[in-house]
Amino acid sequence: MPEGDVVKRSCAALHAALAGQQLTRAELRVPEYATVPLVGATVLEVVARGKHQLTRFDNGLTLHTHLRMEGGWRVVRTGRTPRDPAYQIRAILGNPTQTAFGLRLGVTEVIETAHEDRVVGHLGPDLLADDFDADEALRRLRADPAVAIGEALLDQRNLAGIGTFYRAEVLFLQGIHPRTPVADIERLPRLVTRARQLLQANVTRPFQVTTGNTRPRERTWVFERTGRACRRCGTRIAEERFGPVGKERLSYWCPSCQPDRR
């Protein structure tokens, strides 16, 4: 699933292409919103909130989208169409010069801008927001001290923007086993700071890097490296699927660098 840095980068591209421009084409290929009148509306801005995207118009409406596992946006010069199959297109927003195609979007809905809290109000502090509130993020994480940090980091109600990729990488860098209870983590503020730093470092990159090495297959420490040697100690990277029932997600760690001290 695209995480906070990817979503923010996508929003920046959409904002550059659409903001300040009046829509000459607007199609939402979702039955419930197919007739919403957006042609003629001016795009005010496109902003990210965690993993959510909010495209705001001057008519008081907001297009709320979420990429989920496979979604994305493709911006092309108006008059051209992407090579992606037409059935994958969920939204089209175009002006005289550029057109954005929303592909395989997991969520596509129109809401009143004044009521955006109905879809993003539950989110914790956004790690990539300029006004990120670290104290509030820590308060939310500590509210359930018995929960495993691997679960707490994925709960967007605690802090928004982290997915399985950054969970694996930041826990490795901090030497913390994913199953460690929140209450047992002495340097929790440092963990949150490091997570924010990782996302910020990758916002402008076309790919995610946590090792500092941009070569393919050398960009990550543990994520999706099951059975391979740890880059630090040589121990084989382990994996486990865990989490709330029905929401189990794969987790990766080094048994030596991130010992389970429970």
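**A walk through the chain**

The accessible surface of the chain comes to about 12900 Å². Carbon and sulfur atoms hold 46% of that surface. One caution: this is a predicted model.

Now the overall dimensions. Along the principal axes, the C-alpha trace spans about 60 × 40 × 30 Å.

What is the chain built from? It has six helices and ten strands. Of its 262 residues, 49% count as buried. Look at contacts with a separation of 6 or more: residues 24 or more positions apart account for 60% of them.

A word on charge. The chain carries 39 positive and 30 negative charges. Their mean positions are 8 Å apart.

Next stop, helix H5. H5 covers residues 164-173. How many of its ten residues are buried? Ten of the ten, so to speak: the helix is mostly covered. Among the buried residues are Arg 167 and Glu 169. Others on that list include Ala 168, Val 170 and Leu 171.

What do the buried residues of H5 pack against? Three helices are partners here, namely H1 (4-18), H4 (149-154) and H6. So are strands E9 and E10, the latter at 249-253. After the helix comes Gly 175, with a positive phi near 70 degrees.

Now the rings. A pair of aromatic rings is described by the distance of the centres and the angle of the planes. A search of the whole structure finds four aromatic pairs. Take Phe 165 and Tyr 166: their centres are 4.9 Å apart, with 85 degrees between the planes. That makes the pair edge-to-face. Phe 165 is buried, at 6% relative accessible area. Tyr 166 is buried too, at 1%.

Why is the pair of Phe 172 and Trp 221 stacked? The ring centres are 5.2 Å apart and the planes sit at 25 degrees, so the pair counts as stacked. Phe 172 lies in H5, while Trp 221 is in the loop between H6 (188-202) and E9 (238-242), so the pair ties together parts 49 residues apart in sequence. Phe 172 is buried, with 0% relative accessibility. Trp 221 is buried as well, at 14%.

There is also a ring cluster. Ring pairs link Phe 165 and Tyr 166 with Phe 223 and Tyr 252.

Find Thr 108 in strand E8, residues 107-112. Is Thr 108 buried or exposed? It counts as buried because its relative accessibility is 10%, and the cut-off for buried is under 20%. Leaving aside neighbours within four places in sequence, Thr 108 contacts residues including Leu 28, Val 30, Tyr 33 and Arg 90.

Now Leu 44, in strand E2, residues 43-49. Leu 44 is partly exposed, with a relative accessible area of 48%. Which residues does Leu 44 touch, leaving aside neighbours within four places in sequence? They are His 15, Ala 19, Arg 56, Phe 57 and Asp 58. Arg 56 is twelve residues from Leu 44 along the chain, and their C-alpha atoms are separated by 5.5 Å.

That's my tour. Over to you for questions.

Technical notes: Residues are numbered from 1 along each chain as its sequence is written. This is a predicted model: local features need pLDDT of at least 70, side-chain atom pairs count only at pLDDT 80 or more; totals for chains, interfaces and linings use all residues. Side-chain values use heavy atoms; hydrogens and water are left out. Helices (H or I, at least four residues) and strands (E, at least two) are DSSP runs, numbered from the N terminus. Buried means under 20% relative accessible area, exposed over 50%, partly exposed in between (1.4 Å probe, protein chains only). Contact means heavy atoms within 4.5 Å. Accessible areas come from the Shrake-Rupley method with a 1.4 Å probe; for residues, only the protein chains shown count as cover. Lys and Arg count as positive and Asp and Glu as negative; His and the chain ends are not counted. The place of a charge is taken as NZ of Lys, CZ of Arg, CG of Asp or CD of Glu. Rings of Phe, Tyr and Trp (its six-membered ring) pair if their centres lie within 6.5 Å; planes under 30 degrees apart count as stacked, over 60 as edge-to-face and the rest as tilted.
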